[in-house]
Amino acid sequence: MERHIESLLNKISLTLTIISTILLLYVYLQTPQTCIHPTTPLSKPNLKFPSSTCDSSLLHHHHYIPPSKKTHKLWSSNSWKKQVFSYTHFFNNLKFNDDVITIRNETRILCVSAGAGHVVMALKQMGVEDVTGVDVVDTFPLVSKADMFNLPFFDHVFDFAFTEHLDEALFPRRYVGEMERTVRKGGELVVLVEDCDGEEDVKEIVGLFEKSEFVSAFKVNLVGARMTRIIMRRNK
Ligand SMILES: *[C@@H]1O[C@H](CO)[C@@H](O)[C@H](O)[C@H]1NC(C)=O
């Protein structure tokens, strides 16, 4: 009887040994898919920079949270609509009356110092799918926070960059340099500045651009103000 139990115990122990060996082998052979857990922050934060709102990981929350009631109320106010309309008019003029720029639905546009996002909304309503608005503060869901002197985008990722706040920039050359960096070669940069009277004023603005050639300067009305629109094209 004792012998019988001993033999049984031996069998059980042998079985357990085999099972644990198989399990160990299984675990060993299951090479992990990733060595770094996906939620581990990247050690190089620049790898996370979005090229635009479409593939951004930084701005991803914008796709999931619907705008608040307050935002909807703002968007339905007359003053908001009037301003958006003014930008729509401005971009439509660029689109049709001026052969130099063609804004298509698939044009990737960057709006620098986009404020509350009127300009972003105007472009989106025109059908442009990939519009990125940035400013020093985040205005959900149209404008994301960024440093204008160190834009969080790779080089050459936009077809077109727009700003109307160059004349308020603390470091205008750096501001322009960042816009140029993110626009592809052959892409356009459009800046609106306070109405320039003389050729000298325009020349001064144009002189800030190091990688672009002058295309045109034109007086326009925007949201009731007289401004000068300067178009540059990146050529380097
Ligand atoms: C561009 O988008 C607008 C608005 O969504 C649409 O009406 C228009 O047909 C589109 N144009 C092209 C060429 O796809």
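Among contacts in the protein chain between residues at least 6 apart in sequence, what share joins residues at least 24 apart? Hello everyone, the share is 62%, where a contact means heavy atoms within 4.5 Å.

A word on the background. This is a predicted model, in which local features need pLDDT of at least 70 and side-chain atom pairs count only at pLDDT 80 or more, while totals for chains, interfaces and linings use all residues. Residues are numbered from 1 along each chain as its sequence is written, and side-chain values use heavy atoms, with hydrogens and water left out.

Let's start with the whole chain. You can see six helices and seven strands, and from the N terminus on they run α-α-α-β-α-β-β-β-α-β-α-β-β. Those elements are DSSP runs, numbered from the N terminus: helices are H or I with at least four residues, strands are E with at least two. Of the 236 residues in the protein chain, 39% are buried, meaning under 20% relative accessible area; exposed is over 50%, and partly exposed lies in between (1.4 Å probe, protein chains only).

Now please find Arg 108, in strand E1, which covers residues 108-112. Is Arg 108 buried, partly exposed or exposed? Arg 108 counts as partly exposed because its relative accessibility is 29%.

Who are its partners? Not counting residues up to four places away in sequence, Arg 108 touches Asp 130, Val 157, Phe 158, Asp 159, Phe 160 and Arg 184. The side chain of Arg 108 also reaches the backbone oxygen of Val 157 at 3.2 Å. Finally, Val 183 lies 75 residues from Arg 108 in sequence, yet their C-alpha atoms are 9.3 Å apart in space.

Notes:
Polar contact = N/O pair within 3.5 Å; in protein donor to acceptor, adjacent residues only side chain to side chain.
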